[in-house]
Amino acid sequence: MQADLRQQQLELFSEVTLKIHQSLQLADILQTTVTEVQRILQADRVLIYHLLPDGTGKTISEAVLPGHPVLMDLEFPEEVFPQEHHHLYAQGRVRAIANVHDPAFGLADCLVEFVKQFGVKAKLIVPILRPPTIPFVGGSTANRHLWGLLIAHHCQSERQWLPCELEFMQQLTTPLTMALDQAQRLEHLKATVKARTQQLQETNRNLQQEIAIRRQAEEALRQSEAQLRLMINALPVLIAYVDNQQRYRFNNRAYQDWLGQSPEVTYGQHLQQVWGQEYYRRMQPRIEAALAGQFVTYEEEIGRHEGGLRLVEFSYIPHWDDHQTVQGFFELAKDISACKAGERLKDELISLISHELRTPLTALHSALKILATGRMGNLSADGQKLVAIADQSTDRLLRLVNNVLDLQRIESGAFTINPQVCSTATLIRQAAEVMQPMAQHHGVTLVSQTEEIAIWVDADGIMQTLTNLLSNAIKFSPHGGVVWLTATLLRPSEPLKHQPRHSPAFSSTATTEPVVVFRIRDSGPGIPPDQRERIFERFHQVDVLSARKQRGSGLGLAICRKIVEQHNGKIWVESAPGGGSIFSFTVPIPINTGLN
Amino acid sequence: MMSGKRVLVIDDEKAIQTVIQFGIKLTSGWQVLIASSGAEGIQTAQTEKPDVILLDVRLPDMDGTDIVKALQAHAATKDIPVIFLTAQAQTIEKPQLSDLGVRGMILKPFNSLHLPEQISRILHWSMGGCK
């Protein structure tokens, strides 16, 4: 019997081990074990009781002969398995109970009652110990806990369990523990895989989201870039970027019309290659200036690829990086041929009209002046009034024509000054003489004062400037007012009594060379500070109530400025202390007069 | 103001001729001779030998500079001072005038009552200028 049992035991061993290797299903392994143990031991029931963490337990595998109650899935209350038993089993105790009712076996009453209801008379119990927790740290038995029990029941009668049967049961727990270990690892692996899968899924979701956001941003960027490109390409001006190696890094569509090659071809090409040797030679100093950090604007006649010269205005705008290094420049180029032609036409037209006006105006002007003398016969009082009106209107018309012509002449570059040595005293006397009748007519007193200083000026130009400024001063002064005209020498060391506002250039001129300052002071309403620069622009008139009563072409001060600038002088206006305005301008003195 | 001068005006515009005539006569009592074309002007200059010629730069038949050259080429007229009447100051700059032998320039529009004074100043018949 014993040898037989040993043989069967060996067979079961290998079967269970094989099963463990073949199957990862713990339930299968356990079921095989209980079935085989029941068969070998000829017990009425063999079961595996699994201890749950809350102290209760449950049959998870059972092999039972027909006619006996089935305990599978039955839960056992905590009381049937007291703590001290639990502890002893955890220590590795095995029990072979021949008769459950025999007090010598010391079974708890409640357990006896409990097993009795299932007809159990004898039982054999071996502990199944939990494999070390994974990951296994250290290897002491303290980490080993009771996982469950392998129990054989005998119900027909009491049974004296043989030591070899006990040993057989005990030995079987080793592969069971192995199976549990394997199951636990599997569970752990599954849990790890599940967690990792979840993690991966989460990461994947985040990635998908990120990709979607990025794709949206890219699409938005592409759209805005396309829009920008569309705009830049649609503009009728040449827009490009040139790097510091003088190579094109961007050209808009307009270049294609001009160069006859697409921007793709132009990309990366050197400016010399694109524009040719001749144009490049002319552009080169400007290109170098732009790459040195200067803002450059110039006009150049450039040929288009299909032929024909066009006047082009180029602007180079340097591009600085964060380290204040010039990385390249932006090129803007505009065909201004049409503008130039228009400007020329306008100049010619103004000139023509003005000239054609002059001859009839001369006749009209002179005829009225002659009539006004009264020597052609006496006119009635009303007739004289009408002649006076015609005379004044003709004067205005003449001034306007003269101003338009003067300005056109100056702006077209045809005006050049013819400086010679003149005396401030002579100029001031002449100007005062010319303006005296007008001053008298307006009831304004004209006061002039100067030393005899030699200046280097165009006498006609300075006379025109003085009479123009005096005419304004008289016009804007009230009846009974005073207009002062003075000229003083200003040596480099002397600061100006009234420093001009907004003209830093003047102060630098004033400190290097002696100049003469002409001043015309009126007792008029003055000029608001915000208009003091603008009144020297064309067609600008001071927008004050009293000025509306005074008619002018709005060109006089613009002409004065041009004339003064031709003398390398400055012109400006300030408020006179106590009201009124002071118009001042500077003119140079002759070199080698002993003053400098 | 000097008296007894004879001024030849060469201008094709009747209105200008008239106002110059009235203006000069009223203020100076000078005698005014009129010619309406370049050819007529040269002819009158040779026969009348005026003290000064006021010459319109743009005449239908001849250019002002050509008339000046013609006058200078003739012994009878080569010393008669010529003053240009012009509306186009910028086409003739002052240095060019002296090269031509023209003594001065009076710009249109002018007041014909002031002509004797202007002529006198240009020809230094009385003092003028700023020197």
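**Exercise 1. Find the salt bridge partner of Arg229(A) and give the distance between the closest N and O atoms.**

Step 1. Arg229(A) forms a salt bridge with Glu225(A), and the closest N and O atoms are 3.6 Å apart. A salt bridge here is a side-chain nitrogen of Lys or Arg within 4 Å of a carboxyl oxygen of Asp or Glu.

Step 2. Arg229(A) and Glu225(A) are 4 residues apart in helix H5 of chain A, so about one helical turn separates them. Helices (H or I, at least four residues) and strands (E, at least two) are DSSP runs, numbered from the N terminus.

Step 3. Count over all chains: the rule gives 25 salt bridges.

The model is predicted: local features need pLDDT of at least 70, side-chain atom pairs count only at pLDDT 80 or more, and totals for chains, interfaces and linings use all residues. Residues are numbered from 1 along each chain as its sequence is written, chains are lettered from A and ligands numbered from 1 in the order in which they are written, and side-chain values use heavy atoms, with hydrogens and water left out.

**Exercise 2. Describe the interface of chain B and chain A.**

Step 1. Count contacts (heavy atoms within 4.5 Å). Here 23 residues of chain B touch 30 residues of chain A.

Step 2. Take the buried area, which is the accessible area (1.4 Å probe) that two parts lose on being put together, summed over both. For chain B and chain A that is about 2,200 Å², with 61% from carbon and sulfur atoms.

Step 3. Look at the side of chain B. Helix H1 (residues 14-28) of chain B gives the most to the side touching chain A: 6 residues. By class, that side has 11 nonpolar, 6 polar and 6 charged residues. Ala, Val, Leu, Ile, Met, Phe, Trp, Tyr, Cys and Pro count as nonpolar, Asp, Glu, Lys and Arg as charged, and the others, Gly among them, as polar.

Step 4. Check salt bridges. Between chain B and chain A the count is 0.

**Exercise 3. Locate the largest cavity and state what lines it.**

Step 1. Define the search. On a 1 Å grid over the protein atoms alone, a cavity is a set of points where a 1.4 Å probe fits but cannot get out; a pocket is an open set with protein on both sides within 12 Å along at least five of seven lines; lining residues have an atom within 4 Å of a point. Points are joined across faces, edges and corners, and a volume is the space filled by probe spheres set on them.

Step 2. The whole structure has 1 cavity of 30 Å³ or more. The largest cavity has a volume of about 240 Å³.

Step 3. Its lining has 21 residues; Val80(A), Phe81(A), Leu111(A), Lys123(A) and Ile151(A) lie nearest the centre. The lining divides into 17 nonpolar, 2 polar and 2 charged residues.

**Exercise 4. Inspect two backbone features, at Pro109(B) and Gln42(A).**

Step 1. The peptide bond from Lys108(B) to Pro109(B) is cis, with omega near 0°. Pro109(B) sits in the loop between strand S5 (104-107) and helix H5 (115-122) of chain B.

Step 2. Gln42(A) has a positive phi, near 55°, and is not glycine. Gln42(A) lies in the loop between H2 and S1 of chain A.

Definitions and conventions:
Polar contact = N/O pair within 3.5 Å; in protein donor to acceptor, adjacent residues only side chain to side chain.
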